[in-house]
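This report covers selected local and chain-level features of one model. The sequence and structure come first, and the notes follow.

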Amino acid sequence: MSLALLLKDELNGFYRSKVMLALWVGLPAMAVLLYFLVDNIEGMSITFFTGIMVSSIGGLLTSVLIVVNILNEKEKKVYDLFLIRPIRRENLLLAKFGAVFLCVMVASFIAITLAAVLDSATEGYDVQEILSSMKDSLIITVSIMAINCSAGVLIGVFSPSVLVGVLLVLFGSNQLSSMVLLPMITGWGEMWMVGLASIGISALLLFVAALVFRHKEF
Amino acid sequence: MVSVRGIYKRYKDLPVLLNLSFDIPKGSIFGYIGPNGSGKTTTIKIMTGLIRDFQGEVSIEGRSIRNWSSELSSTIGYLPQQTSLQEWRTVDQTLYTFGRLSGLQASEVDKRIKEVTEMLGIAEYRKRKVSKLSGGTLQKVGMAQAMLHRPKLMVLDEPVAGLDPESRVLFKNLFRQLSREGTTIFFSSHILSDIEDVADTIGILGQGRMRYMGSMEELRERVGRSTEVSLETVEPIPDDRLLESLPGVSKVERVADNRFHIILQENGQIDTVVDSAIRAVLAQGLHIRGIHPNRQSLESLYLSYTDGEGRP
């Protein structure tokens with residue numbers, strides 16, 4: 001019960017936050033901008049390219065958002081009133097992860113769909129090609145966002161200050177999330193491997209974060 | 001209701017609590033007082049399960065807090081020193097979430113929110129965002145979340161600090177009402193006047209140890225006792241030994257040539273000392289301008305408990 005309630009609460013908080021408002025507008029706007037600004041992307045469709053850009057920029061912003069949020073709440077002792085209640089401590093983190101991930105995925109989906117519509121209207125791709133491109137874009141986006149969100153949670157739990165947290169995001173989670181694209185870029189892997197790897201990495205990061213948070217003293 | 005036995009807690013090399021033990025009877029109002037940094041908040045965080053790394057034993061209603069459980073946490077209501085809430089929520093959303101997390105049914109939560117917000121005079125702020133509340137109102141929202149689920153034990157860390165006089169009275173009346181209804185209240189303060197008119201048992205913490213524990217009446221009895229006599233003569237008294245040699249006198253502090261504080265021995269009788277001091281001065285051919293016993297104030301008694309020695 002507590003996880004569902006906390007998730008609903010966090011969703012309620014995040015979808016109206018300033019950063020999320022920027023992502024709601026910014027990510028779809030990015031798709032349109034890329035369509036007008038980018039001419040030839042080495043044979044990539046705008047849909048696919050949008051997926052990479054959205055996940056890269058959106059992922060970075062998302063992990064910074066989570067880190068700053070967790071660190072601020074830790075510093076202000078917001079968690080005290082939750083932790084004395086009969087809930088599982090890790091549910092606080094899972095709810096935060098779930099809320100941000102869901103919000104940012106909806107924004108990304110809107111951006112990718114918009115790019116696919118533009119692709120289909122102007123480049124003359126058939127439905128099959130568009131759907132395939134969308135699928136690949138979504139897998140990449142989901143993978144990168146999941147890693148960024150879970151890394152944000154872990155860094156938020158560990159980090160002693162916002163500055164250290166943001167630096168760790170810039171030089172840690174962003175690089176880590178980019179690594180899952182390696183199988184696709186080098187050509188020795190399939191797209192499903194990217195998805196699988198990201199699920200594994202995200203689960204591991206969340207597990208470590210939950211373990212630390214469960215034993216943390218506030 | 002609450003049993004605290006032999007608590008030791010240190011932060012790295014800094015000892016905070018040293019063999020702290022006390023009991024709180026069911027339904028009582030326990031005022032926990034001590035200077036800043038004496039370990040009050042640490043004690044509270046141990047009692048509420050927020051600090052788990054400590055030596056000793058704490059049990060609430062016979063259940064050890066080492067085995068933290070849903071039942072145990074449902075019996076506790078907690079108000080931290082600074083009420084920090086997620087700022088994007090409204091007062092209603094905040095209380096709804098805390099009520100539900102504390103085990104109240106959805107149908108019951110709304111009714112309870114209405115009750116406690118009216119009780120605390122914050123019903124008009126229910127739809128307002130937490131970030132838009134004043135410090136005092138935020139403190140009342142904090143109090144509301146602590147009592148929402150009708151806990152058997154309320155642990156309140158400096159609940160009246162920062163409140164205006166009207167709100168202080170409101171909180172104190174609320175403590176009395178909750179106590180009458182059977183709720184045990186443990187609250188801390190570093191200001192004695194905050195607890196003296198509401199707590200029926202007080203514990204004075206000084207340098208990590210319980211320096212005094214007992215009823216307010218017992219403490220007040222100690223306060224009434226005179227332990228010092230002030231003497232002023234017209235002419236200077238050349239030698240302190242004239243007063244120091246009197247029976248029942250512990251020591252004499254010279255404030256000026258003709259003004260003295262005569263400190264009584266622990267069993268010294270005030271009337272005997274005053275009488276013999278008058279006789280001794282007059283026998284020297286000197287004149288007395290004034291002599292009167294000094295009563296120890298509650299505040300000075302408290303300070304004497306919390307100093308290095310921890311003895312009055």
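## Surroundings of B:His261

B:His261 touches B:Glu228, B:Ser230, B:Glu253 and B:Val255, with residues up to four places away in sequence not counted; contact here means that C-beta atoms, placed from the backbone, lie within 7 Å. B:His261 is part of strand β13 (residues 259–264) of chain B, where helices (H or I, at least four residues) and strands (E, at least two) are DSSP runs numbered from the N terminus. It counts as partly exposed because it has 15 C-beta neighbours inside 10 Å. A residue is buried if 20 or more other C-beta atoms lie within 10 Å of its own, exposed if 12 or fewer, and partly exposed in between. From B:Phe187, B:His261 is 74 residues away in sequence and 37 Å away in space, C-alpha to C-alpha.

## Basis of the model

The model is predicted: local features need pLDDT of at least 70, side-chain atom pairs count only at pLDDT 80 or more, and totals for chains, interfaces and linings use all residues. Residues are numbered from 1 along each chain as its sequence is written, while chains are lettered from A and ligands numbered from 1 in the order in which they are written.

## Domains and chain contact

Chain B is divided into domain 1 (2–215) and domain 2 (226–295), with bounds from an automatic or database domain assignment. The centres of these two domains, taken over C-alpha atoms, are separated by 48 Å.

The contact between the chains involves 17 residues of chain A and 24 residues of chain B. On the chain A side, α1 (2–14) and α4 (80–83) are the elements that give two or more residues. That side divides into 9 nonpolar, 2 polar and 6 charged residues. In this division Ala, Val, Leu, Ile, Met, Phe, Trp, Tyr, Cys and Pro count as nonpolar, Asp, Glu, Lys and Arg as charged, and the others, Gly among them, as polar.

## Helix α6 of chain B

Helix α6 (residues 165–180) of chain B has 16 residues and should span 22 Å at 1.5 Å a residue; its end C-alpha atoms are 23 Å apart, which agrees. The expected span is 1.5 Å times one less than the number of residues.

Which residues of α6(B) are buried? They are B:Phe171, B:Leu174, B:Phe175 and B:Leu178. They cover an arc of only 105° around the axis, so they lie on the same side of α6(B); the arc is that of the directions from the helix axis to the C-beta atoms. These buried residues pack against β3 (29–33), α4 (106–119), α5 (135–147), β7 (153–156) and β8 (184–189) of chain B. On the other side of α6(B), B:Pro165, B:Glu166, B:Asn173, B:Gln177 and B:Arg180 are exposed. Just after the helix, B:Gly182 has a positive phi of about 105°.

## Nonpolar cores

A nonpolar core is a set of buried Ala, Val, Leu, Ile, Met, Phe, Trp, Tyr and Cys residues joined through C-beta atoms within 7 Å. The largest has 132 residues, of which A:Val100 and A:Val153 touch the most other members. Helix α5 (residues 89–122) of chain A supplies the largest share of this core, 15 residues. A second, separate core of 11 residues includes B:Val229, B:Leu243, B:Leu246 and B:Ile262.

A:Lys77 is not a glycine, yet has a positive phi of about 65°. A:Lys77 lies in the loop between α3 (46–75) and α4 of chain A. B:Gln207, also not a glycine, has a positive phi of about 50° and lies in the loop between β9 (201–206) and β10 (209–215) of chain B.

Key
Two residues are in contact if their C-beta atoms, placed from the backbone, lie within 7 Å.
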